[in-house]
Amino acid sequence: MYSREESQKIKREFWVAFAEKYPRKWVLYDTKIKDFSFKFYVDNKKAQVLIDIEHRSDEKRNAYFEKIEALKNILEEEFVSDLVYEKNYTLESGKTISRIWVEIQGVGFSNRNNWDTIFDFFFEKMNALEMFYLEYDEFIKDIDS
């Protein structure tokens, strides 16, 4: 088991190595939609690529989620096929968000032998989600229709 400091150091090295392998600017929080973001997540059991919709207004949060759900067939056939959709996902903090994600199990940041697998997974899935978003962002943003 690693100390907290060692774990943080390995995590920093992990993200630096990822940025070096795939040097590019990701969309992440720059979606032009308040509280709608793309995220990378890794711990010692799994790696995930996520779309988090965290709008305070349940109505708006649900509207954005439903927009993506309306595009589910296109998203899964042309971009990422193994997504999980959860309209009411509860974070550890107790906050309810909408989350769409894809993950691989059995990998972790503390095992350097997993890094290339995680990096390739992150790149492939996030790149596909971003391509989807950039193609359909006007439709997704337009929740007043």
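Biologist: Which side chain meets that of aspartate 30 in a salt bridge?

Modeller: The model is predicted, so everything here is read from computed coordinates. The partner of aspartate 30 is lysine 32, and the N to O distance is 2.7 Å. Lysine 32 has a relative accessible area of 62%, so it is exposed, the cut-off being over 50%. Aspartate 30, at 41%, counts as partly exposed. As a general point, side chains of opposite charge can pair when their charged atoms come close.

Lysine 125 has a relative accessibility of 12%, so it counts as buried, the cut-off being under 20%. Aspartate 82 is partly exposed at 41%.

Aspartate 137 and lysine 141 lie four residues apart, about one turn of the helix, and their closest N and O atoms are 3.3 Å apart. Aspartate 137 is buried at 14%, while lysine 141 is partly exposed at 26%. Elsewhere, salt bridges with shared partners connect Lys39, Asp52, Glu54, Lys95 and Arg99 in one network.

Arginine 99, a member of that network, sits in strand S4. Its relative accessible area is 10%, so arginine 99 is buried. Its side chain makes a polar contact of 2.7 Å with the side chain of aspartate 52 and one of 3.4 Å with the side chain of tyrosine 89. Beyond its neighbours within four places in sequence, arginine 99 also touches other residues, among them Leu50, Phe65, Val84 and Glu86.

Four antiparallel strands form an open sheet in the order S1-S2-S4-S3. Strands S1 (36–42) and S3 (84–90) are at the edges with a single partner each, so one side of each has no neighbour in the sheet. From one strand to the next, the twist averages 30°. S4 (residues 96–105) pairs with S2 (residues 46–53) over eight bridges, and isoleucine 51 is opposite isoleucine 100 in S4. Helix H2 (residues 58–70) lies across S1, S2, S3 and S4, at about 170° to S3.

The nonpolar side chains complete the picture. The largest nonpolar core has 42 residues, of which Phe36, Ile68, Phe122 and Ile140 touch the most other members. Two or more residues each come from helix H1 (4–21), S1, S2, H2, S4 and helix H4 (115–141), and H4 gives the largest share, 12 residues. Not counting residues up to four places away in sequence, phenylalanine 122 touches residues including Phe14, Trp15, Phe40 and Val49.

Conventions
Residues are numbered from 1 along each chain as its sequence is written. This is a predicted model: local features need pLDDT of at least 70, side-chain atom pairs count only at pLDDT 80 or more; totals for chains, interfaces and linings use all residues. Side-chain values use heavy atoms; hydrogens and water are left out. Two strands pair if DSSP finds at least two bridges between them. Axes are lines fitted to C-alpha atoms, for helices over the stretch in contact, and angles run from 0 to 180 degrees between N-to-C directions. Contact means heavy atoms within 4.5 Å. Buried means under 20% relative accessible area, exposed over 50%, partly exposed in between (1.4 Å probe, protein chains only). A polar contact is a pair of N or O atoms within 3.5 Å; within protein, one must be able to donate a hydrogen and the other to accept it, and residues adjacent in sequence count only if both atoms are side-chain atoms. A nonpolar core is a set of buried Ala, Val, Leu, Ile, Met, Phe, Trp, Tyr and Cys residues joined through side-chain atoms within 4.5 Å. A salt bridge is a side-chain nitrogen of Lys or Arg within 4 Å of a carboxyl oxygen of Asp or Glu.
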